[in-house]
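Let's take a walk through this model together. Please have the sequence and the 3D view open as you read.

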Amino acid sequence: MRRLYTNVGLSKQAFHQWMERDNTRRAKWDQVFSIVQQVRVDHPGMGIRSIWEIMRPEGLGRDEFERLAFVHGLGIQPKKNYRRTTHSLGVRRFPNLIQQIEVTRLNQVWVSDITYYLLDQEFYYLTFIMDLYSRKIIGYSVSKNLQTKQTTLPALAYTIKYRKKTKDKLDTIFHSDGGGQYYEKEFIKLARQNGITSSMCSSVYENPHAERLNRTLKNQYIYRYNPSNFIELKKATTKACLMYNEKPHRSLHKMSPNKYEN
């Protein structure tokens, strides 16, 4: 290894510092990737620079953001064979544990996703957690940035507090896309402490319930409540979750999630 460092003209310390910086940039990109995908679908003509100007993700400069976006086919004119994926590196951190599973009880499978809400030329981020058995929204968060501490971590903590009635572990599968917020150490630690096993999809088609939930809450509820600032958005999101849980679902024999659970 010393000979290798000498050949490339780097010290061992400088090489590892470079690796650490590169891993940090990749982790930051993993956090924003799925949001940029959603923006590209909703706003096919919006330039990458305009997306960066609105998002301004922490730790990702404009040039690096644009470079990664184009590398992963998120420019205005993506290749014809481009398909949406949920992880920028094409690697699934955890296996998909719900592909062949039969959901028969509460707390068996929770599904989650992060979406964005564009308000007055600023992006805000909504994280939802739903019990797949009852289709009930059991946790959520509304944030101004995409950091794990503001998105998936508070949503999971909220859900555990709401669902965990005893000191026993939950024995739950937590299914999500490959976003970085779902595999950061703090999130995984909280999940493991409470008997929650991570599951991830390799494409958007393997997390359809969470994707559909995002669209429904935004289009049928929050947009119609017409929030004008961040505080109102938080109130609108809370109201949307409450109303959704009272709405009859065809898949629940026309019962609401609340009624189905009871």
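This is a predicted model: local features need pLDDT of at least 70, side-chain atom pairs count only at pLDDT 80 or more; totals for chains, interfaces and linings use all residues.

Residues are numbered from 1 along each chain as its sequence is written, and side-chain values use heavy atoms, with hydrogens and water left out.

Let's begin with the largest pocket, whose volume is about 290 Å³. A pocket here is an open set of points on a 1 Å grid over the protein atoms alone, where a 1.4 Å probe fits, with protein on both sides within 12 Å along at least five of seven lines; lining residues have an atom within 4 Å of a point. The volume is the space filled by probe spheres set on the points, which are joined across faces, edges and corners. Of the 16 lining residues, Met55, Arg56, Pro57, Lys144 and Asn145 are the closest to the centre. Helix H2 (12-42), helix H3 (48-55) and strand S2 (122-131) each give two or more residues to this lining; helices (H or I, at least four residues) and strands (E, at least two) are DSSP runs, numbered from the N terminus. S2 supplies the largest share, four residues.

Now turn to the salt bridges, where a side-chain nitrogen of Lys or Arg lies within 4 Å of a carboxyl oxygen of Asp or Glu. The count comes to seven. In one of them, Glu66 meets Arg49 at 2.6 Å, N to O. Because Glu66 lies in helix H4 and Arg49 in helix H3, this pair ties together parts that are 17 residues apart in sequence. Glu66 is buried at 13% relative accessibility, whereas Arg49 is partly exposed at 42%; buried means under 20% relative accessible area, exposed over 50% and partly exposed in between, with a 1.4 Å probe and protein chains only.

Arg56, met above in the pocket lining, forms a salt bridge with Glu53, their closest N and O atoms being 2.6 Å apart. Arg56 is partly exposed, at 48%, and Glu53 is partly exposed too, at 37%.

Finally, look at two loops. Asn107, between helix H4 (62-71) and strand S1 (109-119), has a positive phi near 65° and is buried at 14%. His253, between helix H8 (230-244) and helix H9 (257-261), has a positive phi near 60° but is exposed, at 62%.
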